[in-house]
Amino acid sequence: MEHGTRRLRSIILFSAGGLSVLLAVAFAIGLFSAQKNRPREIVISCGAVGVELELCQSGVSAWSKESGIPARVVTASSNSGERLGSYQLLLASHSSDIDVFVIDTPWPGVIGDFFLDLKDILEPEVREDQFSGFIENNTVRGRLVALPWFIDGGLLYYRKDLLESYALPVPQSWQELTETATKIQQAEREKGRTDLWGFVFAARAYEGLTCAALEWVHSAGGGSLVEKNGEVSINNEAAREILKLAASWIGTIAPRGVLGYMEEETRTVFQSGRAVFMRNWPYAWELSQAAESPVKGKVGISVLPKGLNANAKATSALGGWSLAVSKFSKNPEASKSLAKYLASRSEQKRRALRGGLSPTWRSLYDDSELLLKNPALRDLKPVYDSALPRPSKVVASDYNRVSSEFYEAVHGILSGGQPDSLLGQLEADLTLLKKKGRWQ
Ligand code: GLC
């Protein structure tokens with residue numbers, strides 16, 4: 001009897017133990033499959049110039065809410081060249097850490113092979129409403145490697161109030177800008193505004209200087225560094241002359257510090273009221289008009305000046321950023337859906353209203369709500385239509401090297417180096433690169 005009870009108890013205990021083991025196993029399996037079925041987190045790498053990061057975060061959160069898929073934003077360097085370097089490292093190691101990359105206009109030919117073809121998620125009517133140059137720029141060997149997100153072009157910002165009080169017009173040529181800036185800077189300094197400069201621009205040795213210097217050279221009739229047929233055109237008289245003029249600005253109408261400035265350092269000086277003119281991208285407009293901005297209501301924007309010679313033509317460098325989906329993403333469909341959402345008309349309109357970033361949808365330039373907020377938008381459309389692309393199509397994967405050779409040479413000239421020898425050396429280096437890279 002005694003023996004029987006003990007046996008019964010151990011059977012009960014054993015079964016109870018077995019049951020809990022079974023329950024634990026079932027729980028673990030359930031947990032595992034829930035994990036497996038739960039959508040993976042999508043990671044997007046966004047820029048952080050001005051309000052870019054904040055706008056990216058709010059857009060990504062809205063998509064997450066709508067799709068139920070978790071997403072995380074990681075930040076990238078505000079220096080375009082450095083950002084390309086870090087992306088190249090990640091992509092070359094086939095890393096799946098980042099699903100969606102925000103890429104600069106010259107990069108499709110450099111890293112485009114690492115991205116999925118997004119042709120199938122760009123409907124024909126959407127495609128038709130985009131700046132055609134942008135779509136062409138993002139198309140590599142027939143593959144659409146990124147969806148246009150926002151477009152940029154170099155602009156001249158000026159102090160309306162100062163030009164008015166000296167009865168001076170918005171300068172049409174670089175020579176006129178030099179004179180106007182000198183005059184106002186001198187007169188204001190005599191009145192005690194000793195911290196006022198005539199002109200600020202980003203002249204650190206980086207991608208932004210490539211954009212500014214291309215504008216100077218092209219607008220003076222000196223070509224576009226490497227022409228569409230692969231010709232290295234930079235070593236010419238018009239380019240030498242305009243770069244000499246730019247070098248004369250350093251330490252006279254521009255602080256020597258500009259040699260270390262990128263976009264945000266430039267904007268900070270202008271927005272605090274310490275410069276008459278500024279070269280920057282459109283994002284600086286919205287911020288200069290913010291309630292707490294010391295120059296609110298005192299700023300005008302215009303196309304950049306040009307050179308004085310016969311074939312001079314006001315030039316704005318084409319910039320902007322696009323959304324690309326990594327080939328190594330573990331969740332390509334969700335990543336594509338995020339890219340499509342962010343590139344959509346309504347999201348681009350929200351970003352234009354909230355942060356002044358220029359949409360890539362042409363019809364938004366006629367949108368009454370947007371025009372009410374930013375009337376200058378109407379004038380920006382022709383600027384983007386005729387903006388000068390950097391020579392990335394023709395030099396393709398050599399672009400980063402070409403651009404860095406160029407900005408180093410220009411930085412050398414601005415720092416007091418000889419334009420003749422620096423442009424001669426640049427021409428020789430690029431010609432060698434051309435032979436190796438067989439451009440065209
Ligand atoms: C802006 C432009 C980009 C350019 C960069 C240079 O972000 O949109 O195209 O390369 O400035 O600093």
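This is a predicted model: local features need pLDDT of at least 70, side-chain atom pairs count only at pLDDT 80 or more; totals for chains, interfaces and linings use all residues.
**Domains**

I checked where the bounds fall. The domain assignment gives domain 1 as 42–152 + 319–385 and domain 2 as 155–317 + 392–438, so I wrote down two segments for each. For the contact, I listed 31 residues from domain 1 and 23 residues from domain 2. Between them the domains bury about 2,000 Å², and carbon and sulfur atoms carry 63% of that area.

**Whole chain**

Next I stepped back to the protein as a whole. I noted 19 helices and eleven strands. The C-alpha atoms fill a box of roughly 115 × 55 × 40 Å, taken along the principal axes. Of the 440 residues, 53% are buried. I also looked at contacts between residues at least 6 apart in sequence: 74% of these join residues at least 24 apart.

**Helices H2 and H14**

Then I picked a helix pair. H2 covers residues 52–67 and H14 covers residues 345–355. I read a packing angle of about 145° for them, with the axes 11 Å apart. H2 passes H14 in a right-handed crossing. On the H2 side, the contact is made by Glu 54, Leu 55, Cys 56, Ser 58 and Gly 59; H14 brings Glu 347, Arg 350, Arg 351, Arg 354 and Gly 355. Sorted by class, I have two nonpolar, three polar and five charged residues in this contact.

**Leu 118**

Last entry, a single residue. Where is Leu 118 found? I placed Leu 118 in the loop between helix H4 (108–111) and helix H5 (124–128). Is Leu 118 buried or exposed? Leu 118 counts as buried because its relative accessibility is 0%, and the cut-off for buried is under 20%. Leaving out residues up to four places away in sequence, I listed what Leu 118 touches: Leu 144, Val 145, Ala 146, Leu 147, Leu 323, Val 325 and Lys 336. I also took the separation from Ser 344, which lies 226 residues from Leu 118 along the chain; their C-alpha atoms are separated by 14 Å.

How values were computed: Residues are numbered from 1 along each chain as its sequence is written. Side-chain values use heavy atoms; hydrogens and water are left out. Axes are lines fitted to C-alpha atoms, for helices over the stretch in contact, and angles run from 0 to 180 degrees between N-to-C directions. Helices (H or I, at least four residues) and strands (E, at least two) are DSSP runs, numbered from the N terminus. A crossing is left-handed if the near helix is turned anticlockwise from the far one by less than a right angle, and right-handed if clockwise. Contact means heavy atoms within 4.5 Å. Ala, Val, Leu, Ile, Met, Phe, Trp, Tyr, Cys and Pro count as nonpolar, Asp, Glu, Lys and Arg as charged, and the others, Gly among them, as polar. Buried means under 20% relative accessible area, exposed over 50%, partly exposed in between (1.4 Å probe, protein chains only). Buried area is the accessible area (1.4 Å probe) that two parts lose on being put together, summed over both.
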